[in-house]
4 protein chains.
Amino acid sequence: MSQPGGVAADQLRAFVERIEKLEEEKQTIADDIKDVYAEAKANGYDTKIMRQVVRLRKQDSAERQEQEALLDLYMHALGMARPAIEDDQAETSSAA
Amino acid sequence: MSQPGGVAADQLRAFVERIEKLEEEKQTIADDIKDVYAEAKANGYDTKIMRQVVRLRKQDSAERQEQEALLDLYMHALGMARPAIEDDQAETSSAA
Amino acid sequence: MSQPGGVAADQLRAFVERIEKLEEEKQTIADDIKDVYAEAKANGYDTKIMRQVVRLRKQDSAERQEQEALLDLYMHALGMARPAIEDDQAETSSAA
Amino acid sequence: MSQPGGVAADQLRAFVERIEKLEEEKQTIADDIKDVYAEAKANGYDTKIMRQVVRLRKQDSAERQEQEALLDLYMHALGMARPAIEDDQAETSSAA
């Protein structure tokens, strides 16, 4: 009989096995992601920064820029220096 | 040229895009897992307990039983009742 | 002036410093907890099981027993043996 | 007797109670932190950015600037615009 104590054993088993199969596939992909980061690292990339880039790329560009601007504002208010960006005026502005 | 500031833009982009593709696949599978739990719930199963079962099935059976025995021992020492299992002696033993 | 770009620098700093002070206190306590577990481990206790006991003690006893019963039911349905509890019949029942 | 099954019940109870007391204190502080953020939010601050600031302040300034520079470099390589900082040259440089 398939229902000890009110549980349909076959149905429960089917659910659990589907979940386990999917969990396995998910783990395989998680391992693949780890491998790509390892390969990038072996090529000289900073994977911590790469993870940050991947996270930022998920955000809408306008939203991201708004948050960056606010972060700059707060850090400036707290006297925390932030590096100016890739322009010739960078040295001038950071010296200001 | 592909290396602004020493970064090979094409290579970095290739790494990031591979990661993003894998992250997407991982998310799809995570959503599938959520769907199976939702389906199980709709069939009357307690998904919190199901998650516990899935976690326990990953453990070696001997290791799991050892941990269960230790948990029973600690709980007993602290006066926390645990339900006895599907046997006739259950009431007797919990009354001891 | 205290409001570069619309942020009251003094106020922001006050909030941030209060948070940092609290975070520090929280970290001190987290370290104390780690120390107690280390001391328990040095006395022969299994800290993984202790953590489980601490988690279970937060639950209402009736709720906990209900969940245990459900877990037993699911594991039984899936053919996963669970050890019987601290009674004289334990050996008999686990041999069955 | 204090040792059912080899566990010194009194000692185990003492450990568990010390942990629970510390966990309670930790929770109180965590609630206090939440309250400060809520107060900051009520004063118009963006708490998500505040959390980022608190995290960044834990880092050494040199280390933080190095990571920021690397992030800028990677984002630039991937064609992701970052806002220039609070200087007059900002518009010029982002147009470059």
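At what angle do helix 1 and helix 2 of chain C pack, and how far apart are their axes? In this predicted model, helix 1 of chain C covers residues 9-42 and helix 2 of chain C covers residues 47-58. The two pack at an angle of about 125°, and their axes lie 10 Å apart. That angle makes helix 1 of chain C oblique to helix 2 of chain C. Angles over 145 degrees would count as roughly antiparallel, and 65 to 115 as roughly perpendicular. The crossing of helix 1 of chain C past helix 2 of chain C is right-handed.

Now look at the residues in that contact. Helix 1 of chain C contributes C:Y37, C:A40 and C:K41. Facing them from helix 2 of chain C are C:T47, C:M50, C:R51 and C:V54. Sorted by class, this contact has four nonpolar residues, one polar residue and two charged residues.

Turn next to the charged pairs. Over all chains, the structure holds 17 salt bridges. Three of them can be followed here, starting with A:E20 and B:R57. The closest N and O atoms of A:E20 and B:R57 are 2.7 Å apart. This pair crosses between chains. A:E20 sits in helix 1 (residues 9-42) of chain A, and B:R57 sits in helix 2 (residues 47-58) of chain B. Buried would require a value under 20%.

A second bridge joins A:R57 to B:E20, with the closest N and O atoms 2.7 Å apart. This pair too crosses between chains, from helix 2 (residues 47-58) of chain A to helix 1 (residues 9-42) of chain B. A:R57 is partly exposed because its relative accessibility is 25%. B:E20 is partly exposed as well, with a relative accessible area of 21%.

C:K21 pairs with C:E25, and their closest N and O atoms are 3.1 Å apart. Both residues belong to helix 1 of chain C. They are four residues apart, so about one helical turn separates C:K21 from C:E25. What is the accessibility of C:K21? C:K21 has a relative accessible area of 54%, so C:K21 is exposed. C:E25 has 31%, which makes C:E25 partly exposed.

Technical notes
Residues are numbered from 1 along each chain as its sequence is written. Chains are lettered from A and ligands numbered from 1 in the order in which they are written. This is a predicted model: local features need pLDDT of at least 70, side-chain atom pairs count only at pLDDT 80 or more; totals for chains, interfaces and linings use all residues. Side-chain values use heavy atoms; hydrogens and water are left out. Axes are lines fitted to C-alpha atoms, for helices over the stretch in contact, and angles run from 0 to 180 degrees between N-to-C directions. Angles under 35 degrees count as roughly parallel, over 145 as roughly antiparallel, 65 to 115 as roughly perpendicular and the rest as oblique. A crossing is left-handed if the near helix is turned anticlockwise from the far one by less than a right angle, and right-handed if clockwise. Contact means heavy atoms within 4.5 Å. Ala, Val, Leu, Ile, Met, Phe, Trp, Tyr, Cys and Pro count as nonpolar, Asp, Glu, Lys and Arg as charged, and the others, Gly among them, as polar. A salt bridge is a side-chain nitrogen of Lys or Arg within 4 Å of a carboxyl oxygen of Asp or Glu. Buried means under 20% relative accessible area, exposed over 50%, partly exposed in between (1.4 Å probe, protein chains only).
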